[in-house]
Amino acid sequence: MNRIRVCLGARSYDIVITDSYRDLPRWLRRARLPVGPAWVITHPALARRAAPVVQALRQGGWDAKTILVPASERSKSLAMAERVAHRL
């Protein structure tokens, strides 16, 4: 598990990266991250692969949701990042 701290003062948060979605809730608890909202960001062709991750998070107590972005190079932009951020 890798943990990246995003420092934004009172709005700071952690990003956790793990290689097994099944262990994700356990790793999140081990990192002392509070149960709350969580998002899995993917594109439509991979949405079915995101479903087990969302389910594992929900079973662990998180309010997990999926955010879909188009599968294209145009999605790798600040404009798309802004749209995603507004949905969070």
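Reader: Which pattern does the protein chain follow along the sequence?

Author: The model is predicted: local features need pLDDT of at least 70 and side-chain atom pairs pLDDT 80 or more, while totals for chains, interfaces and linings use all residues. Residues are numbered from 1 along each chain as its sequence is written, and side-chain values use heavy atoms, without hydrogens and water. The protein chain has three helices and four strands (DSSP runs numbered from the N terminus: H or I of at least four residues for helices, E of at least two for strands). In sequence order, these elements give β-β-α-β-α-β-α.

Reader: What share of the 88 residues in the protein chain is buried?

Author: The C-alpha atoms occupy a box of roughly 35 × 35 × 20 Å along the principal axes. A residue is buried under 20% relative accessible area, exposed over 50% and partly exposed in between, with a 1.4 Å probe and protein chains only. Of the 88 residues, the buried share is 30%.

Reader: Why is Ile15 called partly exposed?

Author: Ile15 belongs to strand 2. Ile15 is called partly exposed because its relative accessible area is 37%.

Reader: Which residues lie nearest the centre of the largest pocket?

Author: A pocket is an open set of points on a 1 Å grid where a 1.4 Å probe fits, with protein on both sides within 12 Å along at least five of seven lines; lining residues have an atom within 4 Å of a point. The largest pocket has 27 lining residues. Elements giving two or more of them include strand 2 (13-17) and strand 3 (37-42). Nearest the centre lie Asp14, Ile15, Pro37, Ala38 and Trp39.
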